[in-house]
Amino acid sequence: MPVATPALPLVVGFDLDMTLIDSRPGIGAVLEVLATELGVRLPVAELTARLGPPLDQMLAPHLPAHTLTAAVDRFREIYPSRAVAAATVLDGAHEAVAAVRAHRGRVLVVTGKFAPNARLHLEHAGLDPDHLEGGVWGVGKADVLLRQGASVYVGDHVHDVEGALAAGATSVSVLSGGCTREELLAAGTHVVLDDLSAFPVWLEEHLLDQRLAALAADLGRRGSLLVAYSGGADSAFLLAAAVRALGPGRVVAATGYSDALPRSERGPARQLADELGVRVLTPRTQEMEREGYRANAGDRCFFCKAELLETLVPLAAQHRIAHVATGTNADDVVAGFRPGIRAAAERGALTPLADAGLTKAQVREASRRWGLPTWDKPAAACLSSRIAYGIEVSPHRLARVERAEAAVREVLAAAGVPVRDLRVRDLGVREGREVASVEVDAALLAGRLAEPGALVYDVCAAVRGAGFAVAEVSRRGFRSGSMNELLTEPERWR
């Protein structure tokens, strides 16, 4: 199967007739009218049994050559009133388009049908591709697919396979048209699905396989790698992938120790690295000495990541490691609020996961397949992310947040309440008192934390015991990056 370049945007092309829609009843009705007007007999059932070839090719064996152009024009005139409403959307069509969009991909419809009529079908079906190209057939579709950057083309006909192969795209065939599995495979298609209902699952597997292959190829040519390793799902997966590609002897994990890294994270991170056979370096980072970090404006993460990379790059050179990489994934890149990514890029850090197009969900799925214990580990942002912007970051505030979160987890565990995501947010001073907000999984707010009661009281008491004067349980639940919502000018920091 051809390997697309996963770092490029996903572009998937679809045929229209008998791939996205069943247009046979309408086409048959138009042919009946046309035959009556021309005073000829057309084998309508035969012509609609294997839709695909252009209209002139379909009609040519049954009409005098000198009448063919006029017949095609008349067919297209009749078509909107007779054929569009009669067509139905094939099973899985909407879901297939949605699956591409879920990966931030572009959707093409590349069809032999007259483009204005194809557009009417798409509007009637509620399908809205990013690009429609009509009047192209067989290998002629390859030009469109190449021009639009498509890496996958989905069709039902052997000539759709020809177009995909000529474009170097992965050919996916569905059996909703007239071609058999054997015919499609003989034509060279890479995949045969019963219908588009199976496409979303196939696409997930296809993208994951391709992106893992791209990651392995990227890492394999790096020679040696130092991974900025927090022990979270992303950096742990990158570390494991580097070991697979390079071997443990050419990979180093580096965990920056500071007041912002919860102590509870350090042991598990080292244990996993040990299991992978990778040596761990634990340099002390001094982000607290950076005024921009302490000031805690919207670009705080820039100063934190700058400190980390300015510590790790010389460390890598000292240990004769060729490159430094972070666990930034493809979702992080498009999240829109990542000043730390900019700081790392400016200091030469690689982002192999993002470059391979691997999303957070794909990192977790691949980690699960590889048996990594971090596959379902909750996100564990640094402690400074708990402090509201504009409030100075200090060792005291970081330690207080860490104590408060540990205390809340103990209270919930003792009450038999499982919690996955938990944050204690330092909101600063209100009316002369230090205030904290507790964010827990939204599902818990529908259970024992739904209303004020003994458990809510105990949770708030645990936070007060850690050093806050006032504590409240947020009714909106855990929200990653919720502090960003409090910024008055978020665009300024993007």
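1. Leu449 first. Leaving aside residues up to four places away in sequence, Leu449 touches Leu412, Val440, Leu444, Leu455, Val456, Val459 and Arg475, where contact means heavy atoms within 4.5 Å. A caveat before going on: this is a predicted model, so local features need pLDDT of at least 70 and side-chain atom pairs count only at pLDDT 80 or more, while totals for chains, interfaces and linings use all residues. Numbering runs from 1 along each chain as its sequence is written, and side-chain values use heavy atoms, with hydrogens and water left out.

2. Leu449 also shows up in the largest nonpolar core, which has 34 residues; Val408, Leu412, Val438, Val440, Leu449 and Val463 have the most contacts inside it. The term covers buried Ala, Val, Leu, Ile, Met, Phe, Trp, Tyr and Cys residues joined through side-chain atoms within 4.5 Å. Buried here is under 20% relative accessible area, exposed is over 50%, and partly exposed is in between (1.4 Å probe, protein chains only). At least two residues of this core come from each of helix 19 (395–414), strand 13 (422–430), strand 14 (433–440), helix 20 (454–465) and strand 15 (470–473). Helices (H or I, at least four residues) and strands (E, at least two) are DSSP runs, numbered from the N terminus. A second, separate core has 32 residues, including Leu219, Val251, Ala269 and Leu276.

3. On to helix packing. The axes of helix 10 (residues 199–220) and helix 11 (residues 233–246) come within 9 Å and cross at roughly 65°. For the record, axes are lines fitted to C-alpha atoms, for helices over the stretch in contact, and angles run from 0 to 180 degrees between N-to-C directions. The crossing is right-handed, i.e. the near helix is turned clockwise from the far one by less than a right angle. On the helix 10 side, Leu212, Leu215, Ala216, Leu219 and Gly220 meet Phe237, Leu238, Ala241, Ala242, Ala245 and Leu246 of helix 11.

4. Helix 18 (residues 360–369) has Gln362, Val363, Arg364, Ala366 and Ser367 buried. Its buried residues pack against helix 10, helix 11 and helix 17 (352–355). After helix 18 comes Gly371, with a positive phi near 75°.

5. Aromatics: the whole structure gives five aromatic pairs. Rings of Phe, Tyr and Trp (its six-membered ring) pair if their centres lie within 6.5 Å; planes under 30 degrees apart are stacked, over 60 edge-to-face, and the rest tilted. Phe75 and Tyr79 are tilted because their planes are at 45°, with ring centres 5.6 Å apart. They sit four residues apart in helix 4 (residues 68–82), so about one helical turn separates them. Phe75 is buried at 6% relative accessible area, and Tyr79 is buried at 1%. Phe14, Phe199 and Trp202 form one aromatic cluster.

6. Arg266 lies over the face of Tyr257 at 4.4 Å from the ring centre, and Arg400 lies over that of Phe468 at 4.0 Å. The criterion is NZ of Lys or CZ of Arg within 6 Å of the ring centre and within 35 degrees of the ring normal.

7. Backbone check. Most residues other than glycine have a negative phi. Asn296 has a positive phi near 60°; this residue is in the loop between helix 13 (291–295) and helix 14 (300–318) and is buried at 0% relative accessibility. Glu431 has a positive phi of about 50°, lies in the loop between strand 13 and strand 14, and is exposed at 82%.
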